[in-house]
Amino acid sequence: QLSCLVKVVMLHGIPKDLDSYPKDLLLFLSPSDYAATGSCVQFFANIGKANVDVLQRESSQRKQLLSEALACLKIPDMQVNEENAEILGRLVCDLGGEYIRNSGGNLLKPLSQCESFLPDQVEAIRSVIDRGNTTFGPPEAWSAFTLDELSGLIPVFDHSILQKIPK
C-alpha cells in the first residue's frame, strides 16, 4: 500500500512538503528522489523515525537504505557516534556486529528498540557490555533505571551478564 501511495504522491514530481508526509512513506523513496527538498542527512533522520520493519529484515531495500545512510553520514571505520546513531534511528537495528563493537556503548540505547537480533549482533552487544566502558558503566553498577533504559536488550544478556547485575 505504501509503495502504491508513493507512486501517487510522486505523479507530479516531488512535493515540496514531503517532510509532512508519514515517515513510513519515505522508505519507498531514494535519497536522490528526496534531494530536491532537503539534504540526505535530513532524509535519513526522517527514515530513522519510520517503522523500518515495514520492509522485511535482510531485504535488499533495507540493506540499500542502510548502505546509503552510512555513505551519506560518512561514517568512518565502522564507528557510529551518538549523533549519527540518533540520525540512523531504527536503521541501527541492521548494523552488523563490527559496527556495534567499534561504536562501544553509543548504540546500546538505540539497539534496545530493535525487535530482534542476528547472532553476530548478539555477540557484539554482549562484548560491549562485558567491557563495561559505556555510559551505563559495567553491569555491576547498573540500577533499575539502567535496566529500564536497556530493557529491549535484556533478552540478549547471557548468564555471565545477568549474574553481575545487582539484585
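This is a predicted model: local features need pLDDT of at least 70, side-chain atom pairs count only at pLDDT 80 or more; totals for chains, interfaces and linings use all residues.
A residue is called buried when its relative accessible area is under 20%, exposed when that area is over 50%, and partly exposed in between.

Two disulfides are counted in the structure. One of them joins Cys40 to Cys72, with an S to S distance of 2.0 Å. This pair links distant parts of the chain: Cys40 lies in helix 4 (residues 40-49) and Cys72 in helix 5 (residues 60-72), 32 residues apart. Cys40 has a relative accessible area of 30%, so Cys40 is partly exposed. Cys72, at 11% relative accessibility, counts as buried. The torsion about the S-S bond of Cys40 and Cys72 is about 90°, and therefore this disulfide is right-handed.

A disulfide is also formed by Cys93 and Cys114, whose sulfur atoms are 2.0 Å apart. The link of Cys93 and Cys114 has -95° about the S-S bond and is left-handed. When the bonded cysteines of the protein chain are numbered in sequence order, the pairing reads 1-2, 3-4.

Attention may now turn to Phe136. Phe136 is located in the loop between helix 9 (119-131) and helix 10 (144-149). Its relative accessibility is 16%, so Phe136 counts as buried. Beyond its neighbours within four places in sequence, Phe136 is in contact with Leu108, Lys109, Trp142, Thr146, Glu149 and Leu150. Phe136 and Leu108 are 28 residues apart along the chain, and their C-alpha atoms are separated by 9.2 Å.

Definitions and conventions: Residues are numbered from 1 along each chain as its sequence is written. Side-chain values use heavy atoms; hydrogens and water are left out. Helices (H or I, at least four residues) and strands (E, at least two) are DSSP runs, numbered from the N terminus. Buried means under 20% relative accessible area, exposed over 50%, partly exposed in between (1.4 Å probe, protein chains only). Contact means heavy atoms within 4.5 Å. A disulfide is a pair of cysteine sulfur atoms within 2.5 Å.
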